[in-house]
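Please study the sequence and the structure before reading on.

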Amino acid sequence: IAHRRSGPGRAQPRCGGLPFLASGRDRHVAERAVTWMPVEVTLESIKPHPDPYLDVDLEVEWSGPDGRRVQVPAFWDGGSTWRARFRPEIAGEWQWRTVSTDPSDEGLHDRRGSFEVEDDPRALNPLVRHGAVRVSADGRSFVHADGTPFFWLGDTAWNGVLRSTESEWDAFLSERSRQGFSVVQFFSSTWRAFLVDDHGLASHTVTDHVRAEPEIFHRLDSRVRAINEHGMLAYAIGVLALFEYEPAWAWAEEDLQRFIRYLDARWGAYHIVWSPIGDGDYSGDRSERVRRLCRGAYLPAHRNLVTVHPNGWSLYTDEFRDEPWFDFISYQSCHDDTPERVRWHPFGPVPEEWRKAPARPIVNVEFNYDEHPSFTNRRVFTDREVRRAAYWSLLISPTA
């Protein structure tokens with residue numbers, strides 16, 4: 001990528017699967033940016049910020065050739081570096097301009113540029129060829145932007161992004177793509193007994209405030225991006241919510257919302273689905289906390305599908321039915337073989353939910369795992385239990 005230094009900000013484009021853009025006050029044009037794939041602008045602050053994760057908010061306004069304007073948050077990436085990522089949906093010239101809460105930092109505030117975007121009609125990747133995944137017009141299923149149906153067949157590689165080597169992750173994604181999977185579900189942040197990754201890095205630290213730690217994400221970025229590069233949709237759980245001590249409930253709301261917004265700023269330009277918190281009980285007062293979180297994190301720049309991953313044998317659609325960020329219903333028939341737990345799936349609330357308005361896709365995002373022990377009697381599941389849960393998921397409500 002050809003670029004020039006302009007003013008006090010230094011442009012530092014790098015390679016890695018995305019059409020990166022240089023930064024500066026003059027107009028910088030990438031060699032080739034493609035619709036439905038992310039572009040990135042790198043910015044360098046020219047003044048020290050004692051706590052950049054908390055002290056500075058930076059947004060980029062992207063202006064399209066059709067007059068549309070989209071505001072997307074940028075994110076601090078360690079040291080003096082900030083990045084902004086965006087996924088253009090139409091071809092033509094796009095322009096961008098930054099707005100910082102610290103106007104005196106000329107490396108971040110009022111930076112401008114432009115780039116040309118092309119369509120790629122020969123693309124084999126379905127996410128590039130057909131566009132982002134959305135809810136269908138009738139609200140029952142998923143489609144790409146061009147109307148091509150999208151069938152959700154997901155694998156729960158919960159710690160795959162965090163713990164895999166590059167070669168392991170590539171082998172896993174290549175096999176799942178070959179098998180016809182369309183979604184990879186994973187955790188975004190370190191958790192429970194797994195407080196650091198295999199390199200000793202944590203996704204966040206907790207002192208007087210929670211702070212995201214960019215270093216670990218330098219590696220995780222490539223893992224999430226690789227999911228898309230293999231033609232599959234990324235489904236990310238931000239933080240866990242099963243126990244009281246987990247971030248969804250233990251962190252202050254301001255800290256939780258900032259962390260979720262950080263993840264969205266970092267990965268929102270990828271083809272991704274968000275469940276900001278996962279495995280939780282969202283009844284009662286907790287539902288209002290989740291509503292406040294998602295209203296602050298995903299509006300008004302709501303660019304990706306959002307759901308809430310609940311705990312087992314639960315459905316919280318009444319709590320979120322009227323929320324504008326709530327795109328589809330997810331549930332988990334979970335990991336047990338007692339008669340009452342098994343019967344919950346075909347005879348519980350799921351078969352009735354699809355009759356209610358407004359219509360939304362319904363996805364069983366976690367059911368019996370092959371070779372996983374039952375919670376109650378520890379009997380190990382076989383392919384029979386896996387197939388039974390899969391078939392029921394497709395038969396008791398409209399197939400998403």
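Predicted model: local features only at pLDDT ≥ 70, side-chain atom pairs only at ≥ 80, totals over all residues.

The side chain of E253 meets that of R292 in a salt bridge, with N and O 2.4 Å apart. Since E253 belongs to helix α7 (residues 253-267) and R292 to helix α8 (residues 285-298), this pair ties together parts that are 39 residues apart in sequence. R292 is likewise partly exposed, because its relative accessibility is 36%.

Which residues are linked with E253 and R292 in a network of salt bridges? The network also contains E288, R289, R291, R295 and E323.

A search of the whole structure finds 35 salt bridges. Three of them are set out below.

| Salt bridge | N to O distance |
|---|---|
| R292 and E253 | 2.4 Å |
| D197 and R219 | 2.6 Å |
| R134 and E89 | 3.1 Å |

The salt bridge of R134 and E89 has its N and O atoms 3.1 Å apart. R134 lies in strand β10 (residues 133-135), while E89 lies in the loop between β7 (81-86) and β8 (92-100), so the pair ties together parts that are 45 residues apart in sequence. R134 counts as partly exposed because its relative accessibility is 34%. E89 is also partly exposed, as its relative accessible area is 27%.

In the pair of D197 and R219, the closest N and O atoms are 2.6 Å apart. Are D197 and R219 buried or exposed? Both residues are buried.

The report now turns to the packing of helices. Two packed helices are described by the angle between their axes and by the distance between the axes. Helix α10 (residues 339-347) packs with helix α12 (residues 383-395) at an angle of about 25°, and their axes are 9 Å apart. Helix α10 is therefore roughly parallel to α12, because angles under 35 degrees count as roughly parallel.

Which residues of α10 and α12 meet? From α10 come V342, H345 and P346, and from α12 come R388, A389, W392 and S393. By type, the residues of this contact divide into four nonpolar, two polar and one charged.

Note on methods: Residues numbered from 1 in each chain as written. Heavy atoms only, no water. Axes fitted to C-alpha atoms, helices over the stretch in contact; angles between N-to-C directions. Helix = DSSP H or I, 4+ residues; strand = E, 2+ residues; numbered from the N terminus. Parallel < 35°, antiparallel > 145°, perpendicular 65-115°, else oblique. Contact = heavy atoms within 4.5 Å. Nonpolar A, V, L, I, M, F, W, Y, C, P; charged D, E, K, R; others polar. Salt bridge = Lys/Arg side-chain N within 4 Å of Asp/Glu carboxyl O. Buried < 20%, exposed > 50% of the residue type's maximum accessible area, 1.4 Å probe, protein only.
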